[in-house]
Amino acid sequence: MSAPPDSARPRRALISNDDGIHSPGLAALERAAVAAGFETYVVAPDREQSASSHALTMHRPLRVAKAGERRWVVDGTPTDCVNLALCSILKETPPDMVFSGINLGPNLGDDVTYSGTVACAFEGTLLGVPSIAFSLDFRRDDPPAEEAWAETEAAVVKVILFATANPFPRETLWNVNFPSGQPVGVRATRMGRRRYGESVVEKIDPRGRPYFWIGGAHIDTAGDGTDLSAVADGYVSITPLHLDMTDYRALAELTGRKGPDLL
Ligand code: MN
């Protein structure tokens with residue numbers, strides 16, 4: 001956990017997302033952070049950047065525009081937003097936590113590696129600020145009703161209050177997924193397996209040339225204790241993720257390997 005803020009000021013939260021600054025999920029997360037006692041600072045992309053992963057823009061300049069009080073919009077990726085916020089825009093008012101989302105759709109299993117929402121939390125963690133990514137499970141063609149946001153918002157407040165009352169291990173972030181509607185409880189989970197293996201659609205464009213579209217269909221392997229099964233059962237899923245992606249078992253096997261030298 002970062003040093004507790006002095007009591008003279010409220011805790012500050014940097015809020016970003018990958019759905020763009022106009023997303024209703026961002027507005028819901030802002031309201032939840034305020035309800036949990038945070039002063040909010042929004043630095044978000046100017047348009048949808050879903051599935052942009054942990055991309056950092058390095059080969060063109062970035063523009064930042066003021067979009068209101070404690071509110072900025074960036075013509076870059078979710079990671080750009082968090083990086084610029086923590087390293088430049090909010091240098092004088094460093095946030096105590098980074099909150100990302102609420103993503104319009106789940107980030108379950110291997111979605112984590114594609115997700116711009118989760119990348120915001122990775123970037124915050126890399127830069128030393130405890131970070132949480134929030135996503136809401138619903139089908140794209142079936143957006144949540146107004147009441148669903150209120151129920152999710154209330155659950156977000158509880159997760160934030162729990163997170164701030166407990167030590168947050170260094171280099172760990174939380175990937176939090178909410179079921180649509182009223183959750184039946186909360187589960188600590190591990191990543192399930194989600195592959196987008198059979199979702200390519202090939203068609204012919206109006207000029208007679210083939211085009212390809214990677215669709216949203218996925219193959220899930222849920223399994224006991226996974227984020228996928230928790231959300232399917234109506235629970236809030238909290239998966240702690242670590243920045244160190246080393247496979248230590250494989251490292252030990254590689255280190256102890258007999259046979260011809262690799263190098
Ligand atoms: Mn998104």
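Colleague: Is D19 buried or exposed?

Modeller: Let's start with a reminder that this is a predicted model. Buried means under 20% relative accessible area. D19 has a relative accessible area of 12%, so D19 is buried.

Colleague: Which residues coordinate the manganese ion?

Modeller: The manganese ion is held by D18 (OD), D19 (OD), S50 (OG) and N103 (OD1), at 2.1 to 2.2 Å. Along the chain, these donors follow the spacing D-D-x30-S-x52-N. S50 is partly exposed, with a relative accessible area of 27%.

Colleague: And what does S52 touch?

Modeller: Leaving aside residues up to four places away in sequence, S52 touches P78, Y114 and G116. S52 belongs to the loop between β2 (38-45) and β3 (64-68), and is buried, at 16% relative accessible area.

Colleague: Now the helices, please. How are two packed helices described?

Modeller: By the angle between their axes and the distance between the axes. Here, helix α2 (residues 78-89) packs with helix α4 (residues 116-126) at about 25 degrees, and their axes are 8 Å apart. Angles under 35 degrees count as roughly parallel, and α2 and α4 are therefore roughly parallel to each other. Their crossing is right-handed.

Colleague: Which residues of α2 and α4 meet?

Modeller: From α2 come P78, T79, V82, N83 and L86; from α4 come G116, A119, C120, E123 and G124. Sorted by class, this contact has 5 nonpolar, 4 polar and 1 charged residues.

Conventions
Residues are numbered from 1 along each chain as its sequence is written. This is a predicted model: local features need pLDDT of at least 70, side-chain atom pairs count only at pLDDT 80 or more; totals for chains, interfaces and linings use all residues. Side-chain values use heavy atoms; hydrogens and water are left out. Axes are lines fitted to C-alpha atoms, for helices over the stretch in contact, and angles run from 0 to 180 degrees between N-to-C directions. Helices (H or I, at least four residues) and strands (E, at least two) are DSSP runs, numbered from the N terminus. Angles under 35 degrees count as roughly parallel, over 145 as roughly antiparallel, 65 to 115 as roughly perpendicular and the rest as oblique. A crossing is left-handed if the near helix is turned anticlockwise from the far one by less than a right angle, and right-handed if clockwise. Contact means heavy atoms within 4.5 Å. Ala, Val, Leu, Ile, Met, Phe, Trp, Tyr, Cys and Pro count as nonpolar, Asp, Glu, Lys and Arg as charged, and the others, Gly among them, as polar. Buried means under 20% relative accessible area, exposed over 50%, partly exposed in between (1.4 Å probe, protein chains only). Donors are N, O and S atoms within 2.8 Å of the metal (3.2 Å for Na, K and Ca); water is not among the atoms, so sites may look incomplete.
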